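Visitor: Please take one part of this structure and go through it closely. I would like the cut-offs stated along the way.

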2 protein chains.
Amino acid sequence: MAELMGKQTAKLQHPPQVESFAACVGKKEGEGPLGTLFDAVHRDDTLGQENWEKAESALFADAVTRCIDKAGLQPQQVRMLLGGDLLNQLAASSFAGRELGIPLLGLFGACSTMAESLLVGAMILEGGCADRVVCAASSHFCTAERQFRFPLELGTQRPPSAQWTVTGAGAVLLRSMAQDGAQTVLTHVTVGKPVDYGVTDANNMGAAMAPAACATITAHLRDTGRSPEDYDLIVTGDLGAVGSELLHQLLREEGISVAPERHLDCGLSIFSPQQDAHAGGSGCGCSASVLCAKLLPELAQGKLRRILFVATGALMSTTTGNEGESIPGIAHAAALERMMI
Amino acid sequence: MAELMGKQTAKLQHPPQVESFAACVGKKEGEGPLGTLFDAVHRDDTLGQENWEKAESALFADAVTRCIDKAGLQPQQVRMLLGGDLLNQLAASSFAGRELGIPLLGLFGACSTMAESLLVGAMILEGGCADRVVCAASSHFCTAERQFRFPLELGTQRPPSAQWTVTGAGAVLLRSMAQDGAQTVLTHVTVGKPVDYGVTDANNMGAAMAPAACATITAHLRDTGRSPEDYDLIVTGDLGAVGSELLHQLLREEGISVAPERHLDCGLSIFSPQQDAHAGGSGCGCSASVLCAKLLPELAQGKLRRILFVATGALMSTTTGNEGESIPGIAHAAALERMMI
């Protein structure tokens, strides 16, 4: 049984192992600084599909399939698929789930979905309700722009605070503790609360999400008695340039100082400044693909020893936006660690 | 640790207890056969809010708050809120979550969301990652019509196979086994797979969901070695008249015969034929409110001893519908039982 710590955190008694992982992205992401690290770069953003929604669904399925393949397993050996995306009614993951034939639990935490799926997956494994689960998330620039902002064909200008939705998917296969040796394990889960500072600008998601990131990091450190120095990296999902600066400011107000070299924002890592992505990458697929292409490999290689993965989401819809509602943010945190079992 | 049974089911070693529950509905539901059983009937479907989305969010929050109240607790004594709704980006539950201040895990299984939340909540409790969770779901006729079908103002005619989205919300507080005496507990979880028989008609959701209900019921009975006679009731979410008939036909093809008196469809229970709801009720709030207004009270009173709660969802979006995609269904099952602890 897990140990409850403070108000929002659980320390797992049997931390699940990361058995395999995969990240698949689009052309622009492949041309970015992490380009050589992805399992697949789809030069054709349609993935040969007839519309963007099917393309994203294929991207989601590609990441899940490669992840299961890399563990030398078949889909039917995976007990559950936990995942989500940004599309209305989770179209990408629901339709991918139909093709994959794995029992499916649909999750929605906006861009925090990759962390949410890792948390829920780890908690399910802790109780022995599954032996292997795949946790996954995806986003696609073209489906997101169409759904949340403007038709691409309009060529609408974007303000500097806008972020660029990543075309990408990541999948992580978690299993109950089984294999000896050096393993990457998920040790703590911190479930976040929605936090709303009244931001109403869908072109400034970083500002909407930073307060939630601050709240969850603060809760995690308070609950566990840890300090930022206990982590090689505190990884945020997709705060981008504006949100990251705000996060450090908010953390300082809580008395928490995170050294810049100890913070990595996935949204600031996936594109180079030359790629014209304004304030950085965003979307469920941003933190999902950076986790699976860069962070989990660096944990496996021993370059990183312990990280706190804090994906952040903006819980808005176009309807609530049109109705004048502000954008609540949410962030969930998973502590990942390399250890000898 | 739970015991894995077959491919899709887990038997919980420490079945969580249903500590309290609440159901809140709109005017039409209050005028139906279950009208006197709900905790609150909101005669004003707007709940005093300025738009339907805020109304649904208020309905969701009302059910959760009443549920926590009925257990004599405060929201901060609940470790997590697990829930969802049909709105794009889960607007109803996300915004309710913002008001309630409880750590939130957003779930989406279309109209199967109430079962999904019970399953995930029970699995989290099994591992000791929480001591108390609230599982909830909502839907609202006016938000659903606007989002999925036609503006209400058009007065569009509905075919006889169409179902009526329930304005309703249900919430269940689950706690780790703690209290002695007669208790309603959740003993088994069966996670469903998306199943698609090629139905493309958004006015015939029952037909889209019946194959998923059949698949999950079949999997549950096969995994557990139980027969339909082991349950006082097999409860489906919102198959309605068309889907229920189809379910019995599909089950017979699997060699499973469920006596009509042993099957209850929430969609066929919530409205009377005189209420002009065509093939019956639907929406996440349908199975959620019938569970919390009728089934859990009957378990508490000893009128029911053991039920299989199988909420069903149609994983469609308007975008995928417009793109010609068929509607995958999904169903998740929770076995609920009254027992002496």
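Guide: The largest nonpolar core has 240 residues, a nonpolar core being a set of buried Ala, Val, Leu, Ile, Met, Phe, Trp, Tyr and Cys residues joined through side-chain atoms within 4.5 Å; buried means under 20% relative accessible area with a 1.4 Å probe, protein chains only. This is a predicted model, where local features need pLDDT of at least 70, side-chain atom pairs count only at pLDDT 80 or more, and totals for chains, interfaces and linings use all residues. Residues are numbered from 1 along each chain as its sequence is written, chains are lettered from A in the order in which they are written, and side-chain values use heavy atoms, without hydrogens and water.

Within this core, A:Val172, A:Leu174, B:Val172 and B:Leu174 have the most contacts. Leaving aside neighbours within four places in sequence, B:Leu174 is in contact (heavy atoms within 4.5 Å) with residues including B:Pro16, B:Val18, B:Leu118, B:Leu125, B:Val133 and B:Leu186. B:Asp131 and B:Arg132 are also among its contacts.

As for the two chains, 65 residues of chain A are in contact with 65 residues of chain B. Together the chains bury about 5,200 Å², 62% of it on carbon and sulfur atoms; buried area is the accessible area (1.4 Å probe) lost on putting two parts together, summed over both. A:Arg79, A:Gln89 and A:Arg98 supply 14% of the area that chain A buries against chain B, more than any other three residues. Because 100% of the interface residues of chain A are also interface residues in chain B, the copies meet through the same surface.

How values were computed
Buried < 20%, exposed > 50% of the residue type's maximum accessible area, 1.4 Å probe, protein only.
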